[in-house]
Amino acid sequence: MLKSEVTRVSGPSTSSRRRSSSNSPLYEKSSKRYRRTPTPSSESESDYDDDDDDDKYEQKRNKDDDEEEGEVPSKPTSNPPSTQTTPAVPLRTGGLYMPPAKLRLLQASLTDKSTPEYQRIAWEALKKTINGRVNKINTSNLALIIRELFKDNIVRGRGLLARGIIQAQTASPFYTSVYAALVSVINTKFPQIGELIVKRLISSFRRTYMRNDKSNCLATTKFIAHLVNQNILHEIVALQILVLLLEKPSDDSVELAIGFLKECGQKLSQVSPRGLDSVFSTLRNLLHESSLDKRTQYMIEVLFAVRKDQFKANPSIPSGLDLVDENDQYTHMITLDDECQPEPMLDVFKYDEAYEENERKYKEIRKTILDESSDDEDESSSDLSDGDEDNDKKKDDVDEEEQEGDQVEKKQDTIIDQTETNLVTLRRTIYLTIQSSIGAEECAHKLLKMNLRPGQEMELCQMILDSCAQQRTYERFFGLLGQRFCLLKKEYVECFEKVFQDQYEIVHRLENVKLRNVAKFFGHLLVTDAISWGVLRCIRLTEEDTTSSSRVYIKNLFLELAEFLGLTKLNNRLTDPTLAEYFDGLFPRDNPKNARFSINFFTSIGLGGLTDDLREFLRTNPTPTPPVQTTIPIKTEIKDEEDDYKDHDRIQARVHELQIEQQKTKKQKEDKNTKKNKKKTEQRSPSTSSASSTSSSSSSSSSASPSPPRPPPPPPPPSSSSRTHRDERDRRNENNKSERRQQDRRNETKRDERQQRDRRSPSPDRRKEERRHREKRSSSPDRRHHHYHKSSKH
């Protein structure tokens, strides 16, 4: 203990230097009669009377007692008075001041914790510690005071703690919310302490209400209201208090009810709105019907205005005092009708036979509450050694050494969070900020105030894109937000370009709505030049390198670009020579197959005008022929040369057969055409049928006599060297291949023209009209006449 502290030590009213005036039983009887148990108020007073005054007062009191009993005091004898052994520590508190040095010597002489003297001194120290910590509590040091209180044995001193909190709240009602928060934390760990405080408050309310003690009753109801707000006490008690105060209304009772409603009105509106409505209806009736004072009526009107404002000026739990999780709260179901025993004997010292065992149990409980790792930490303030300055210095040195050791260990052992809790919290904050903003400028301002650490820009960009993708339809808000960040810092431009490449790689995982939103988002950034067009170099538009999802993504992207820029500006941008290297994958020129695939893709989405240069490239640059192998190894084996020559002869014979078959088919077609022409001419001009028949017969005879087929070309004469034969054969094969490639190219161009013609064809309704018109023409009279002649001929 400190030297400046004044300590009360238990003992009789006389000091150890005082001697009793008599040892007779009469003195004992009279002393018992005048002895009185000190009250808390008398304990707090200090007694600085001299020993002489006390002796005079005691002699006078003993003389009065003797006269009252009718006995004569005995004469003093000449024998010396017998020495009486006084105990080292008095057994009752008598307001005696003891210097700190003498108190330390006295504490050092007490080593047995099972003695009443030791426990009494420990009780006094516990009481002083609890009262001192409760009196200096406020919002800023609330957490620190709670930890210090848990270090003391508040289970043993629960009566002292309850009395100290109630007295402190009565003395300073302004800090009622702070004391309620303190009780809520203690109630989670020790519900019996919270129950004791609640019982004492209800008992105090009953007593003050019956005595018409307005000031104390107002403080008590305010404390009860804040306990209801902290879910320590059930709201049924609040409704019962309001009913009791408004049952027989008076100015004082209505004023108490109004103050009570201001404190817990917001909580009651949440948990019991019907009960609150009935209370306000009663107040409305009192305002219109009863004969209350003008001041009271004005207070009721102010209360209605506060209720209309939803009790914003009187929140149920002020900021910074919501310290207990909802799952850890413990609510006491105590009503005004229940019997509430305040248990005043808990405030008085009582000898504990199992003192050491109870202290050991509480130390274990304290370790679980405060997460203490060893027994070397600060001891409870109820320990006797707290008063010793030397021990305090030693403990301070030990604490400093432990703190230094902890700092060294923290520096050595770095904790890595693998759960990514901070990352999840950051993403949640960004998402809520985006959703709560009205405009892009406001959202960008809020996100910039978050003061992101270096390296978190990528998370911000990714979160903006994810929020955009989750919308049902694309919102221009996200494009403007991304554009704003790209204009602010270059780091965001690089992050969005990296996000574009990563998103294109996983585009096959996205749904159709997300594909469209993401494509429109990046289309906005490209149109506004927020990011570079060089990001398109990651796209390679070929059949092998794209999937259905990636093609849909590219389609939506370029349709968005064409919608904002127009086809002409977009084409100028894509043909810009400074950006040509970035678009090689979109318009490949390495293979005609890939080029045709790109042309067909852009034509199918209605952007065929972007492929004019690629089409011209295909026309002007035919398919390159593979280089002919100039050096052919000469075969030395005669068998291989003969096999090659036989294959060559077989190929030539097959080519000759194909030519003959083509001539035959051509001849058959010509015969059919001549027959059809002959029949038409006979039907049109019957008079000249003979002439036409002769001419047709002559023509048919001339056509029937075909020219003699050309003889098959003779086999090539065997050359002296097999190498020349192979060269000629390879040359013919290459010519045939080139002819087939040209034929394929012509077929492709015809197919493209046919597709374009089909696209330019009229609508289906127009096609139906044209088909109907052709049918009518076919059923015209001339046509029927033609069919009639034809049938008559047959």
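Keep in mind that the model is predicted.

Let's start with the helices. Find helix H7, residues 158-171, and helix H10, residues 214-229. Their axes come within 9 Å and cross at roughly 115°. The crossing is right-handed. Which residues of H7 and H10 make the contact? From H7, we have Ile165, Gln169 and Thr170. From H10, we have Asn216, Ala219, Lys222 and Phe223. By type, that contact divides into three nonpolar, three polar and one charged residue.

Now to charges. Side chains of opposite charge can pair when their charged atoms come close. How many salt bridges does a search of the whole structure find? The count is 23.

Take Glu148 and Arg133. Their side chains meet at 3.4 Å, N to O. Glu148 sits in helix H6 and Arg133 in helix H5, 15 residues apart. Is Arg133 buried or exposed? Arg133 has a relative accessible area of 16%, so it counts as buried.

Next, back to H10. Lys214 forms a salt bridge with Glu255, with the closest N and O atoms 2.6 Å apart. Glu255 belongs to helix H12, and the two residues are 41 residues apart. Lys214 is partly exposed at 31%, whereas Glu255 is buried at 13%.

Last one. Arg427 of helix H17 and Glu459 of helix H19 are 32 residues apart in the chain. Their side chains meet in a salt bridge at 3.0 Å, N to O. Arg427 is partly exposed, at 23%. Glu459 is partly exposed too, at 22%.

Note on methods: Residues are numbered from 1 along each chain as its sequence is written. This is a predicted model: local features need pLDDT of at least 70, side-chain atom pairs count only at pLDDT 80 or more; totals for chains, interfaces and linings use all residues. Side-chain values use heavy atoms; hydrogens and water are left out. Axes are lines fitted to C-alpha atoms, for helices over the stretch in contact, and angles run from 0 to 180 degrees between N-to-C directions. Helices (H or I, at least four residues) and strands (E, at least two) are DSSP runs, numbered from the N terminus. A crossing is left-handed if the near helix is turned anticlockwise from the far one by less than a right angle, and right-handed if clockwise. Contact means heavy atoms within 4.5 Å. Ala, Val, Leu, Ile, Met, Phe, Trp, Tyr, Cys and Pro count as nonpolar, Asp, Glu, Lys and Arg as charged, and the others, Gly among them, as polar. A salt bridge is a side-chain nitrogen of Lys or Arg within 4 Å of a carboxyl oxygen of Asp or Glu. Buried means under 20% relative accessible area, exposed over 50%, partly exposed in between (1.4 Å probe, protein chains only).
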